[in-house]
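Please look through the model below.

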Amino acid sequence: MSVYPQHFVDPIINKSLQKEKAHELSHIPIKPALNVSTDSIFYGELKQKFTNYILKEGNSALARELLTKTFEIIKRTQIERLHLAKGDKGSIITDAETLLINAIENTRPLLHLSAIKRGGVKYQVPIPLTEKKSYFLAMKWILEAAREKERKVSLPEKLAWEILDAACGQGRVVKRKDDLHRLCESNRAYAHYRWS
Amino acid sequence: MFRNQLGNLSRVSSQLQRISRVELMSTEVQPAESANSVINEFRTAVTSPGEHSALQLAKFYKIPAEEKKQIFAGGGLPKQYEQQIKTFTEACLMVRQPALELLNYIKNADLSKPAVRYVIYGDNGVGKTLTMAHVLHYGSLNDFLLVHVPWAPNWTKRPKESTNSSTQEGFIDLPFDAAAWLVHFKTQNAKLLQKLQLKTSKEYVWSKRESTPAGATLVELIEHGIARIKYATETTAALISELKLLSTGGQCKVLVAIDGFNAFFHPITRIFSDNKQLVTPDRITLTQPFLDITKYDWTNGICVLSVDKIAMTEGYMDSYMPRYLLGKTGFEHLDPFVPVHVTNYTDKEFLSCINYYMDRHWITKTQPGFEEQLKFMSNHNPYTLMQIVRGL
């Protein structure tokens with residue numbers, strides 16, 4: 001769904017990579033870079049995408065602040081755990097972005113159910129998801145879980161907990177993914193309706 | 001779509017493991033246990049501020065937990081710094097040039113001369129309060145009685161309760177704040193007051209039935225103020241005038257430290273009087289003793305005051321210079337004083353701070369050149385650095 005034809009390639013943001021690929025891409029048309037993308041330590045593709053999903057009413061400064069606060073809380077809890085841990089300190093990740101990526105990877109669904117009409121009856125047919133869609137769903141679910149909270153709890157607090165839970169393969173979001181997978185599994189008999 | 005990032009991920013985690021493995025082997029992992037176990041290039045084992053010199057410049061020293069609790073229990077460290085201390089499981093301060101300069105002045109000061117006023121000034125977030133904290137630590141270890149106001153604008157901006165003064169017509173009392181300050185004073189100086197056994201010079205009559213006789217200890221005076229909150233403000237005034245007398249008499253040394261001192265000279269406060277008029281700070285009874293003790297008509301004392309932009313309200317925050325912030329009256333009140341300029345981090349301090357953050361796992365992303373980026377984005381400002389690093 002891009003305005004650019006398919007032979008346009010994605011821009012490279014990393015400066016050192018740019019130099020490497022400069023020769024290779026010299027005659028290939030390149031899409032323009034996004035306004036928000038920078039080659040700094042604060043930029044992460046997934047992080048940026050997640051900020052965009054947090055965004056409400058175009059208030060991107062607030063969205064960024066919320067994610068920053070979330071990361072702060074994650075870091076604080078993880079460092080606290082690190083200090084409390086007796087032996088195995090290496091297994092505790094204190095980097096918040098890594099944890100966010102882990103959480104999203106753990107909650108990505110592979111299949112989803114789509115209603116397909118065959119012989120006047122609607123069947124819930126399991127259909128594989130594209131990579132992009134699965135990332136979207138994972139992030140959407142994490143955010144939905146985070147927004148379902150008491151009014152007194154702030155979003156960063158709840159979001160931090162959801163991310164920490166999901167990063168170690170627990171919590172409501174992972175359960176939601178597993179439930180969906182289970183439904184798909186039980187409806188596997190209808191799978192052939194996809195193409196027949 | 002995000003595959004290239006995931007490639008990085010495994011590299012990051014392996015790097016993390018490598019760091020932790022190194023730490024397991026070294027003896028430098030647990031700085032919390034003993035003071036002399038850790039001497040990195042950004043740490044110093046010298047925990048007494050009195051012994052700090054240019055050798056320890058830009059290094060972190062640890063404040064022992066019980067001393068921290070004694071000095072800063074009632075405030076004195078910024079809230080976010082307290083949070084950081086909790087996360088890092090140790091209270092560390094960086095030895096910086098302004099603090100060293102101040103300590104040097106204080107150590108070489110002739111206490112028999114009238115009290116010298118030092119005014120700490122600087123832009124937002126450069127570490128004025130922490131410089132003051134360093135000096136306070138020195139004071140408490142070197143038998144100074146601390147007269148410390150953690151943040152003066154709290155009284156003018158958000159007092160807990162304001163009532164009309166019963167003794168002075170047209171003045172406003174802040175009984176709860178005064179009592180809170182008395183508690184703060186008591187906890188800070190508990191040991192020293194026990195040791196010195198200071199006595200009051202005259203009788204204080206609070207009401208028909210209540211009075212504090214001449215020759216009562218200062219602790220009794222303070223405890224009366226805390227118990228009878230109604231008289232807390234007057235007790236504060238009495239206590240401070242007593243301290244001035246006692247220190248002039250050579251019985252004790254007093255270190256006055258007031259953060260946000262310019263709030264006392266701000267044109268307005270946020271307190272309303274009975275006829276819905278905004279009160280000026282000089283109409284608040286609690287400010288009077290502190291203005292009194294910052295005069296130079298007493299000896300055996302040192303005043304460390306800080307002027308701060310955020311102590312003012314909007315419209316008065318154009319410059320951080322003492323003359324602007326104090327105004328004409330404030331400047332004349334303090335004149336002559338020794339200005340101490342707190343500046344942003346130097347390159348050395350900046351790197352030391354980054355190293356410290358990395359040691360405490362606060363920064364985990366260490367791509368090549370990340371220091372340069374942080375330096376550029378924070379403009380060497382300590383507070384901005386703290387803010388931008390938290391989401392990293």
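## A strand covered on both faces

In this predicted model, strand β1 of chain B runs over residues 60-63 and is covered on both faces. Phe60(B) and Lys62(B) are buried on one side. Tyr61(B) and Ile63(B) are buried on the other.

Which strand pairs with β1(B)? The partner is strand β2 of chain B, residues 91-94. The pairing is antiparallel and runs over four bridges. Within it, Lys62(B) stands opposite Cys92(B) in β2(B). Lys62(B) is thus a charged residue by name, listed among the buried ones of β1(B).

## The five-stranded sheet of chain B

Chain B also holds an open sheet of five strands. Their order is β4-β9-β10-β3-β11, and the pairing is parallel. Which strands form the edges? They are β4(B), residues 144-149, and β11(B), residues 338-341; each pairs on one side only. Neighbouring strands in this sheet are turned against each other by 20 degrees on average, with direction ignored.

One pair can be followed at residue level. Strand β3(B), residues 116-121, pairs with β11(B) in the parallel sense. Four bridges join the two strands. Tyr121(B) stands opposite His341(B) in β11(B).

## Helices on the sheet

Helix α4(B), residues 97-108, lies across β3(B), β10(B) and β11(B). Strand β10(B) covers residues 301-306. The helix runs at about 155 degrees to β11(B).

Helix α5(B), residues 128-141, packs on the sheet as well. It touches β3(B), β4(B), β9(B) and β10(B). Strand β9(B) spans residues 253-258. The direction of α5(B) makes about 155 degrees with that of β4(B).

## Two residues of chain B

Is Tyr204(B) buried or exposed? Tyr204(B) has 20 C-beta neighbours inside 10 Å, so it counts as buried. It sits in strand β7(B), residues 204-205. Leaving aside residues up to four places away in sequence, Tyr204(B) touches Ser211(B), Thr212(B) and Ala238(B). Leu221(B) is 17 residues from Tyr204(B) in sequence, and their C-alpha atoms are 9.1 Å apart.

Ala190(B) belongs to helix α7(B), residues 175-196. Why does Ala190(B) count as exposed? Because it has 12 C-beta neighbours inside 10 Å, and 12 or fewer is the cut-off for an exposed residue. Val279(B) lies 89 residues from Ala190(B) along the chain. Their C-alpha atoms are separated by 34 Å.

## A helix crossing in chain A

Two packed helices are described by the angle between their axes and the distance between the axes. In chain A, the axes of helix α2(A), residues 45-54, and helix α4(A), residues 96-107, come within 10 Å. They cross at roughly 75 degrees. That angle makes α2(A) roughly perpendicular to α4(A).

Which residues meet here? From α2(A) come Leu46(A), Lys47(A) and Phe50(A). From α4(A) come Glu97(A), Leu100(A), Ile101(A) and Ile104(A). The residues of this contact divide into five nonpolar, two charged and no polar.

## The chains as a whole

Chain A has seven helices and two strands. From the N terminus the elements run α-α-α-α-β-β-α-α-α. Its radius of gyration is 20 Å, whereas a compact globule of 196 residues would have one near 16 Å. The C-alpha trace spans about 60 × 55 × 40 Å along its principal axes. Buried residues make up 25% of chain A. Of its contacts with a separation of 6 or more, 57% are between residues 24 or more positions apart.

Chain B has 14 helices and eleven strands. Its radius of gyration is 23 Å, close to the 21 Å that the globule rule gives for 392 residues, so chain B is as compact as a globular protein of that length. Along the principal axes, its C-alpha atoms fill a box of roughly 80 × 45 × 35 Å. Of its 392 residues, 42% count as buried. Among contacts between residues at least 6 apart in sequence, 72% join residues at least 24 apart.

How values were computed:
Residues numbered from 1 in each chain as written. Chains lettered and ligands numbered in written order. Predicted model: local features only at pLDDT ≥ 70, side-chain atom pairs only at ≥ 80, totals over all residues. Rg over C-alpha atoms; globule rule 2.2 N^0.38 Å. Contact = placed C-beta atoms within 7 Å. Pairing = 2+ DSSP bridges. Axes fitted to C-alpha atoms, helices over the stretch in contact; angles between N-to-C directions. Parallel < 35°, antiparallel > 145°, perpendicular 65-115°, else oblique.
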